[in-house]
Every structure is written in structure tokens, then in C-alpha cells.
Amino acid sequence: RGATLQHLRVATPAPDDQLAHHVHVKLDADARYHQALLASGCHYHLQRNVFELQGARAAVHSAAVLFAAGNTLEQQVRTRHDAPQTRSKVEALALAEGKAHAVINAHTLIAAGADEADVRQRLNGIPTGGQPQIVLRPHLEIHHDQVQAAHGATWGALDEEALFYASQRGMAPPLARALVVEGMARAVLLRNLERPELMDSLGIDSLLAHQVQRHLASAAEIAHG
């Protein structure tokens, strides 16, 4: 009861690895759990989270930035609200390249009696090159009528206006792409961390910059065969 956990997770396997991570979190009254995930694809990569909000006013936030360059990455997030005034927020950004296969499944259940539950799901997929397959599946299952719930999925290209602005400032195209991708990814993590100063204290910015460079370098290799 009343516990708080900030959880930074980094899962960046080698291309030929096979990896499955399962995280199961149960929250009692007034407990809070915030997870930030940086993950990259490989031969087989599954990230599965199960969140059970069992006590009143429990809250969970999950933010993920997923990179897939010519390989596979799937995230599953299942959340269950069993108590009143509970809150959950799931946000994920999938960046995919080449013939990558990236999947995000988000399922949230609001049980009967979870009065004034507040649920948010936001899934985004952006191809950074090639013809990747990006599958976004937001899903709400609601068994109570006094709740607030919203979900959505968007699929689109990198911000051409931002890329043009960067090029006008004399940046080379690869650097401009890296800055735009890094900015989008950083915004996802920043919106979901309870204490933004953790970005600095945990070195998330440097981890993110390294992963963006790794993703774009892999993308360049794919483009050149």
C-alpha cells in the first residue's frame, strides 16, 4: 500500500537473439508503478506486461519506445482495474525499418465496481524506411459505466516539416533524421515519467541517443543491401 516504483527497462538484444520478458505487477491501494522501456528487435522478441490494479487509487503508467530494423518486436500490455479511482496510462511508439514486423497489443479491462477509473491508451507507429509491417491494437473492455476511458492508434511518417527545418539550419539529412526520431521518442518517455529529472539521473537521454544511432545505422545497412 502506498508504494512507488520507477522502473527503467532496456532490452536491446543482438539481431540473432531470441528474447521474451514477462513483467507482472500487482498494486494495492495508493500504490504507483511507472515503467519506461527502450527495446529493439531481434530474431524473436516479446515484451509482455500484466498490471493488476487491486487497491483504490492505484496507478500505473507504461511508456515504451520500440525500434525494429528488419527484424521482429512485439509488446503486449494487459491492464486490469478492479478497484475504484484507479488510473492507467499506456503509451508506445514503434519505429520500424525495412521488412521489420512490429506489433503493439494493449488491452485494458475495467471490472464492475471500478468506479471512476481513468484509462488512457495511445499507440503510434512510424516507418522510418522500407516497407515494415506495423500492427497497433488498442482495446478497452468496460464493465462499469462511471469511468473515463480513451484509446487510439496512429500510423504515419516522420515529420517532414521538422526535417525541412533541420536541413534549413545546415544539418545533414542523417543528423536531421536522428534528431527528429530522438525528439519524438524522448517526448513519449517524458510524458509518462512521474519525475522528469530521472531522464538525467538515470542517463536515459544518452541511452536513447545511442539506440537511435544504432537503429538508423541498421536501417542504412538494410537500404544498401
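Is R57 buried, partly exposed or exposed? R57 is partly exposed, with a relative accessible area of 39%, where buried means under 20% relative accessible area, exposed over 50%, and partly exposed in between, for a 1.4 Å probe and protein chains only.

The model is predicted, with local features needing pLDDT of at least 70 and side-chain atom pairs counting only at pLDDT 80 or more, whereas totals for chains, interfaces and linings use all residues. Residues are numbered from 1 along each chain as its sequence is written, and side-chain values use heavy atoms, with hydrogens and water left out.

**Salt bridges**

Side chains of opposite charge can pair when their charged atoms come close. With a salt bridge taken as a side-chain nitrogen of Lys or Arg within 4 Å of a carboxyl oxygen of Asp or Glu, the count comes to 6 salt bridges. Three of these pairs are set out below.

| Pair | N to O separation | Accessibility |
|---|---|---|
| R57 and D30 | 2.7 Å | R57 39%, D30 33% |
| R122 and E91 | 3.7 Å | R122 43%, E91 2% |
| D205 and R186 | 2.7 Å | D205 22%, R186 29% |

The salt bridge between R57 and D30 ties together parts that are 27 residues apart in sequence, because R57 lies in the loop between β4 (44–53) and β5 (59–69) and D30 in the loop between β2 (18–27) and β3 (32–40). Helices (H or I, at least four residues) and strands (E, at least two) are here DSSP runs, numbered from the N terminus.

In the salt bridge of R122 with E91, the pair links distant parts of the chain, 31 residues apart, with R122 in strand β9 (residues 118–130) and E91 in strand β7 (residues 87–98).

**Nonpolar cores**

In soluble globular proteins, nonpolar side chains tend to be buried together. A nonpolar core is taken as a set of buried Ala, Val, Leu, Ile, Met, Phe, Trp, Tyr and Cys residues joined through side-chain atoms within 4.5 Å. The largest such core has 28 residues, of which L27, Y33, F51, L66 and I104 touch the most other members. Two or more residues of this core come from each of β2, β3, β4, β5, β6 (72–81), β7, β8 (101–110) and β10 (133–142). A second, separate core has 21 residues, including V181, L189, L193 and I204.

Contact is used for heavy atoms within 4.5 Å. Leaving aside neighbours within four places in sequence, L27 is in contact with R32, Y33, E52, L53, Q54, G55, A58 and A59.

N49, in strand β4, is buried, with a relative accessible area of 1%. Beyond its neighbours within four places in sequence, N49 is in contact with R9, V23, Q35, S62, Q75, Q76, V77 and R78; the C-alpha atoms of N49 and S62, which are 13 residues apart in sequence, are 9.1 Å apart in space.

H143 lies in the loop between β10 and β11 (148–155) and is partly exposed, at a relative accessible area of 45%. Leaving aside neighbours within four places in sequence, the contacts of H143 are L109, I110, A111 and A112, and the C-alpha atoms of H143 and A112 are separated by 5.0 Å, although these residues are 31 residues apart along the chain.

**Cavity and pocket**

On a 1 Å grid over the protein atoms alone, a cavity is a set of points where a 1.4 Å probe fits but cannot get out, and a pocket is an open set with protein on both sides within 12 Å along at least five of seven lines, lining residues having an atom within 4 Å of a point. Grid points are joined across faces, edges and corners, and a volume is the space filled by probe spheres set on the points.

There is 1 cavity of 30 Å³ or more, and the largest cavity holds about 40 Å³ of space. Its lining consists of Q6, H7, L8, A36, L193, L198, L202 and I204, with the largest share, 3 residues, coming from strand β1 (residues 4–11).

The second largest pocket has a volume of about 160 Å³, and its lining residues include R122, W155, M184 and R191. At least two residues of this lining are supplied by each of β9, β11 and α2.
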